[in-house]
Amino acid sequence: MKRRNFLKACLIGGTTIALGKTNKGYASGSFEGYPEAMGVLVDTTRCIGCRSCEAACNKEQKLPEPDTSFDDPSVFEHDRRPTAKTYTVVNRYQKEQPSGPVYRKVQCNHCNEPACLTSCFVNAYTKTQEGAVIYNSKVCVGCRNCMIACPFNAPGYDYDSATNPVVKKCILCYDTRLKYGRPPACVEICPQEALTFGHRADLIKLAHERIRATPDRYVDHVYGEKEVGGTSWLYLAPVGFDKLGFDTTLSNDPIISNVKDFLGMVPMVLSIWPALFSGIHLLCKNQEHGEHGHDTDSNQEDTKP
């Protein structure tokens, strides 16, 4: 990459961000999600920990085979989180309960106002009308702000290539299912119907109906209805959510609401830092392209979410 083009990339990136064109956080404070957005209601009282959802996700997204097979219960000996090679995991809690343990499925919660999106200065993330938060690796510069910003610790980072950074996470099977009106693979495979796919607004009503119908079965709260502005994944539970590994300290305000005033006070930081990352990223991309004679982005397109 020529020096002139590098400086041009820095200037364009810096100017754009300084004018507030690429950081959607400035305008996100009042967004409450798309009215027709879809979602998933997880009823933890029905989950038996079979991990069929993990296997279905692995197959649908063409992920590497796991180190531990999907029928090996030893994975429940410790809490797990999603990674670049595993977009969803099931953890076990409350083993000493008379009624048996409680299992919780963990994945990206697809927030109404995603912190990953508002923290990304190159707009690598998109909140779709269907409710999914998806990611574009072709513009990512590998800063990993999204991983720090996510209140649910969802995004995973693929370290296979330093010059071709890729963040990976659940995308609600957007490309293969959601945009065609089909439920995610994990929902379709669940043998206990612990996962219910539908319009988010309808799922909230359904969740409250279940609580009213059998109040002894559930705590009176739908996790994800209001947390950090609301999420597309909603949860019902028989015990306090804090006992199932949920962060119950999150406010109902979107994460960006707590930092947008600060962001407005540091335009120089927001212009110089993203521009530098963008320039370095473009330089590495062009050098690799020149050495190998092909576009590395296109080679990874089949493996990225």
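1. A salt bridge here is a side-chain nitrogen of Lys or Arg within 4 Å of a carboxyl oxygen of Asp or Glu. The pair links distant parts of the chain, as Glu-54 sits in helix α2 (residues 52-60) and Arg-80 in the loop between α2 and β2 (89-93), 26 residues apart. Helices (H or I, at least four residues) and strands (E, at least two) are DSSP runs, numbered from the N terminus. Glu-54 and Arg-80 are both buried; that word means under 20% relative accessible area, while exposed means over 50% and partly exposed lies in between (1.4 Å probe, protein chains only).

2. A word on what you are looking at: this is a predicted model, in which local features need pLDDT of at least 70 and side-chain atom pairs count only at pLDDT 80 or more, while totals for chains, interfaces and linings use all residues. Residues are numbered from 1 along each chain as its sequence is written, and side-chain values use heavy atoms, with hydrogens and water left out.

3. Now look at Arg-92 and Glu-77, whose side chains form a salt bridge at 3.3 Å, N to O. This pair also links distant parts of the chain: Arg-92 belongs to strand β2 and Glu-77 to the loop between α2 and β2, 15 residues apart. Is Glu-77 buried or exposed? Glu-77 is exposed, with a relative accessible area of 57%.

4. Next come Asp-158 and Lys-168, which meet in a salt bridge of 3.4 Å, N to O. Asp-158 lies in strand β6 (residues 156-158) and Lys-168 in strand β7 (residues 166-168), so their contact ties together parts that are 10 residues apart in sequence. Both Asp-158 and Lys-168 are buried.

5. How many salt bridges are there by this rule? The count comes to eight. There is also a network of salt bridges linking Asp-43, Arg-46 and Arg-210.

6. Asp-43 brings us to strand β1 (residues 38-43), where six of the six residues are buried. Met-38, Val-40 and Val-42 point one way, and Gly-39, Leu-41 and Asp-43 the other. In a regular strand, side chains alternate between the two faces of the sheet.

7. Finally, see which neighbours β1 has. Two strands pair if DSSP finds at least two bridges between them. β1 pairs with strand β8 (residues 195-199) in the antiparallel sense over five bridges, and four bridges join β1 to strand β9 (residues 233-236), running parallel. Val-42 is a handy place to check this: its bridge partner in β8 is Leu-195, and in β9 Val-42 stands opposite Tyr-235.
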